[in-house]
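Please look over the sequence and the 3D structure shown here. The notes that follow are a short briefing, grouped by topic.

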Amino acid sequence: MTIGPAISIRNLAKTYAGGKRALDDVSFDVPAGQIFGLLGPNGAGKSTLINILAGLVNKTSGSASIWGFDIDADPRNAKRSIGIVPQEIVFDPFFTPAEVLEIQAGYYGVPKAARRTLELLAAVHLSDKANAYSRTLSGGMKRRLLIAKALVHTPPVIVLDEPTAGVDVELRRQLWELVGQLNADGVTVVLTTHYLEEAEELCDRIAIINHGKLIADKPTKELVGMAREKVVVLTLDKDPAAMPSQAAFQKCVKLDDHTLEITYDRDRINAGEVMALVQAQGLGIVDVTTREPDLEDVFVSLTTEG
Ligand code: ADP
Ligand code: MG
């Protein structure tokens, strides 16, 4: 048996009561075994899509299946196949982490003998907090507990909605490590983020949504490779009184008295030609650095096109 996509989304649309069209004809697949990034600015429709998969929001039209189970035709199996870590942290403050996981396991009908409470608490580094009240946990601990909670029924797919929004650098590192570990253990991971460098670092494949529409869906490397703009920073032997404005440059910014940052379209011109144009203005070049295009360059050009 070949494994199909972990999640398959077809022509998904959502218009909220009040008329806001949050998703507009979105179709894509999440390949099994990958870390998949759903990227988009605030308000793009990411949480709406996740909440439809979670059964928390009703779609207006289209279809979605999880691990081969259609969310309408087979909601029970679809739900069993996915663990969702919501964007908002909500807990009953009077339960302990161990109780939170036991209750969740009960909700999914996991028999006592098959429960993984201690194992999951260890995996998210909360063993020593097993019996503390949830309200005494730090924000980072709560986030990790939510991840453990999403895993009690051992789903093949886990979805994290903005796991690192507003968290400090150290917790972000911890969460990235946890995501990597889960994926190494065979879990398909979907995460939404509006942090471009996070998606670029972590994800095998990235889909971008903007204003409810899918505008890209590619392996990360391919997506980053689409960047056409390159940047060269030139240190000059004197202050360029007049900026070497050239039709061939996309942008020319003076960083300080002796430094220019020039953005150019690599399909039209190369770095050597950029430098020749600057030298032709009587400016000597003392030093050169180039910056490779990154996901941000692609994101900006995709979200500002058309
Ligand atoms: P994201 O998670 O990408 O930031 P959301 O899916 O939360 O985006 O929101 C997409 C759009 O739908 C936004 O314009 C948001 O204001 C709107 N929206 C979200 N939830 C609701 C709701 N319950 N009722 C009406 N509009 C909503
Ligand atoms: Mg959101």
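T235 stands opposite D287 in strand β14. Two strands count as paired if DSSP finds at least two bridges between them. Helices (H or I, at least four residues) and strands (E, at least two) are DSSP runs, numbered from the N terminus.

This is a predicted model, in which local features need pLDDT of at least 70, side-chain atom pairs count only at pLDDT 80 or more, and totals for chains, interfaces and linings use all residues. Residues are numbered from 1 along each chain as its sequence is written, chains are lettered from A and ligands numbered from 1 in the order in which they are written, and side-chain values use heavy atoms, with hydrogens and water left out.

**The open sheet**

- Strands β11 and β14 belong to an open sheet of four strands, with the order β12-β13-β11-β14 and antiparallel pairing.
- The edge strands, each pairing on one side only, are β12 (249-256) and β14 (285-291).
- From one strand to the next, the twist averages 20 degrees; for such angles, axes are lines fitted to C-alpha atoms, for helices over the stretch in contact, and angles run from 0 to 180 degrees between N-to-C directions.
- E261 is found in strand β13 (residues 259-265).
- E261 counts as partly exposed because its relative accessibility is 24%; buried means under 20% relative accessible area, exposed over 50%, and partly exposed in between (1.4 Å probe, protein chains only).
- E261 and Y195 are 66 residues apart in sequence, and their C-alpha atoms are 24 Å apart in space.

**The whole protein**

- The protein has ten helices and 14 strands.
- It has 306 residues, of which 43% count as buried.
- Its C-alpha trace spans about 80 × 45 × 45 Å along the principal axes.

**A buried strand**

- Strand β7 (residues 157-161) is largely enclosed by the rest of the structure, because five of its five residues are buried.
- V157, V159 and D161 point one way from β7, while I158 and L160 point the other way.
- β7 pairs in the parallel sense with strand β6 (residues 82-85) over four bridges, and I84 has V159 as its bridge partner in β7.
- β7 is also joined to strand β8 (residues 188-193) by five bridges, and these two run parallel.
- The bridge partner of D161 in β8 is T192.

**Ligand 1**

- The residues around ligand 1 are Y16, K20, A22, P41, N42, G43, A44, G45, K46, S47 and T48; a residue is near a molecule or strand if one of its heavy atoms lies within 4 Å of it.
- This shell divides into four nonpolar, five polar and two charged residues. Ala, Val, Leu, Ile, Met, Phe, Trp, Tyr, Cys and Pro count as nonpolar, Asp, Glu, Lys and Arg as charged, and the others, Gly among them, as polar.
- Helix α1 (residues 46-53) gives the most to the shell, with three residues.
- A polar side-chain atom of T48 lies 2.6 Å from an oxygen atom of ligand 1.
- A polar backbone atom of G45 is 3.0 Å from an oxygen atom of the ligand.
- A polar side-chain atom of Y16 is 3.4 Å from a nitrogen atom of the ligand.
- On its own, ligand 1 has 560 Å² of accessible area, and the protein covers 62% of this. Accessible areas come from the Shrake-Rupley method with a 1.4 Å probe; for residues, only the protein chains shown count as cover.

**N77 in a helix**

- N77 is found in helix α2 (residues 75-80), and its relative accessibility of 31% is why N77 counts as partly exposed.
- The side chains of N77 and D74 make a polar contact (3.3 Å). A polar contact is a pair of N or O atoms within 3.5 Å; within protein, one must be able to donate a hydrogen and the other to accept it, and residues adjacent in sequence count only if both atoms are side-chain atoms.

**Positive phi angles**

- Most residues other than glycine have a negative phi.
- N11, in strand β1 (residues 7-15), has a positive phi of about 50 degrees although it is not a glycine.
- T154, in the loop between α5 (139-150) and β7, also has a positive phi of about 50 degrees.
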